[in-house]
Amino acid sequence: MHRPLTIVALAASGLFAFTSTAAADTLTVCASGCQYTSINAAIDASSDGDIIQLLAETYQEDAVIDTDGKAITLQGATDDAGNAASILDGGGSHHVLQCINDEDGNTAFINLMIQNGYTSGSGGGMYNKGSSPTLTNCTFTGNSASMGGGMLNESSSPTLTNCTFTDNSAGTDGGGMYNDSSSPTLTDCTFTENSAVDYGGGIYNESGSATLDICTFTSNSAYAGGGVCNFSSIQQLTECTFTSNSAVDGGGMYNFSGSTDLTDCVFLSNAATTSGSGGGMYNISFNIPTLTNCRFTNNSAEGDGAGMFDSIDSSALITESFFCAN
């Protein structure tokens, strides 16, 4: 790596001050012809501000890819349609990525497909603990774990933009994403065909807060909260769409305690199955969601509340919203 020396002339005194300024390097990784053949080796050699550039290949490291607390960018290539074309493959033997050393928003992941991660614990695709990285145009697919098949955030606040979670699974909660005492921000993200045995096929939130803007949840499934399960957490959703998600209770969303604020959201053709309730939404244990300009259409329930079900201790506050053909 080359760190240039900047010479600053001090005309008034006739002296020269020598100041070392670090310039970002780009480290390339590919199977042949690049500086490195291993992503972890490139991370070991990197410094804060560096970019690790991947070609449009499949990378299968023998270990978890760990950014070691460095403020670096792991950047992949894209195809002609702008989709991530650099594939990080866990080979079904470990989770693919982790940030566990106080990484903040200056640690970034761009244009990556994270697939086939597996762990019997937390975060099949990515595990964040006490860290808040930035992810842009990343896809999580075919990952699995006991909790958080695609991603698990523990005391973390990552920022995700234009990311996709598809066909991830959890043995318990959070097929696509599990947030534990965390405050993620998601914008223009998509959750499709993720599944959880228990709660939160798309996302499971517990004891934290989550902000979702212009996100879509389609064909996700779980025992409760096919699209999203909110457990003693605060969540705010704007312009989000829930379509064809299913669960025994809360096909689109299941809210237990905590609070939920929805604005301009759509619940379409979600289902509560097996004599369950709340095709679009299920509210229980003093969760009082606030809905403004939302639409519930063509949702179904084999039990009660095709559009929405409120238990005796919960009741939604609804303004300028539309319920039809449920």
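Mentor: Let us begin with a definition: a disulfide is a pair of cysteine sulfur atoms within 2.5 Å. This is a predicted model, in which local features need pLDDT of at least 70 and side-chain atom pairs count only at pLDDT 80 or more, while totals for chains, interfaces and linings use all residues. Residues are numbered from 1 along each chain as its sequence is written, and side-chain values use heavy atoms, with hydrogens and water left out.

Trainee: How many disulfides does this rule give, and which residues does a disulfide join?

Mentor: The rule gives one disulfide. Cys 30 is joined to Cys 34, with an S to S distance of 2.0 Å. The link of Cys 30 and Cys 34 is right-handed, with 110 degrees about the S-S bond.

Trainee: How confident is the predictor in the protein chain?

Mentor: The score is pLDDT, the predictor's confidence in each residue, from 0 to 100. The protein chain has a mean pLDDT of 93, and 93% of its residues reach 70 or more. Over residues 1-21, however, the pLDDT is below 50, and this stretch has 29 contacts in the model beyond near neighbours in sequence. Contact here means heavy atoms within 4.5 Å.

Trainee: How are strands and sheets to be read?

Mentor: Strands of a sheet pair through backbone hydrogen bonds, either parallel or antiparallel. Helices (H or I, at least four residues) and strands (E, at least two) are DSSP runs, numbered from the N terminus. Two strands pair if DSSP finds at least two bridges between them. In this model, an open sheet of 11 strands has the order 5-8-11-15-19-23-27-31-35-39-43, with parallel pairing. Its edge strands are strand 5 (58-59) and strand 43 (322-324), each of which pairs on one side only. Within the order, strand 27 (residues 216-218) runs parallel to strand 31 (residues 241-243), and three bridges join them. Thr 216 has Thr 241 in strand 31 as its bridge partner.

Trainee: What is the order of the open sheet that 10 strands form?

Mentor: The order is 6-9-13-17-21-25-29-33-37-41, and the pairing is parallel. Strand 6 (65-66) and strand 41 (308-310) stand at the edges with a single partner strand each, so one side of each is left without a neighbour in the sheet. Strand 13 (residues 126-129) pairs with strand 17 (residues 151-154) in the parallel sense over four bridges.

Trainee: What should I look for among aromatic rings?

Mentor: Rings of Phe, Tyr and Trp (its six-membered ring) pair if their centres lie within 6.5 Å; planes under 30 degrees apart count as stacked, over 60 as edge-to-face and the rest as tilted. The whole structure holds 13 aromatic pairs. The rings of Phe 267 and Phe 296 are stacked because their centres are 4.5 Å apart and their planes at 5 degrees. Phe 267 lies in strand 35 (residues 266-268) and Phe 296 in strand 39 (residues 295-297), so the pair ties together parts that are 29 residues apart in sequence. Both Phe 267 and Phe 296 are buried. One aromatic cluster is formed by Phe 140, Phe 165, Phe 191, Phe 217, Phe 242, Phe 267, Phe 296 and Phe 323.

Terms used: Buried means under 20% relative accessible area, exposed over 50%, partly exposed in between (1.4 Å probe, protein chains only).
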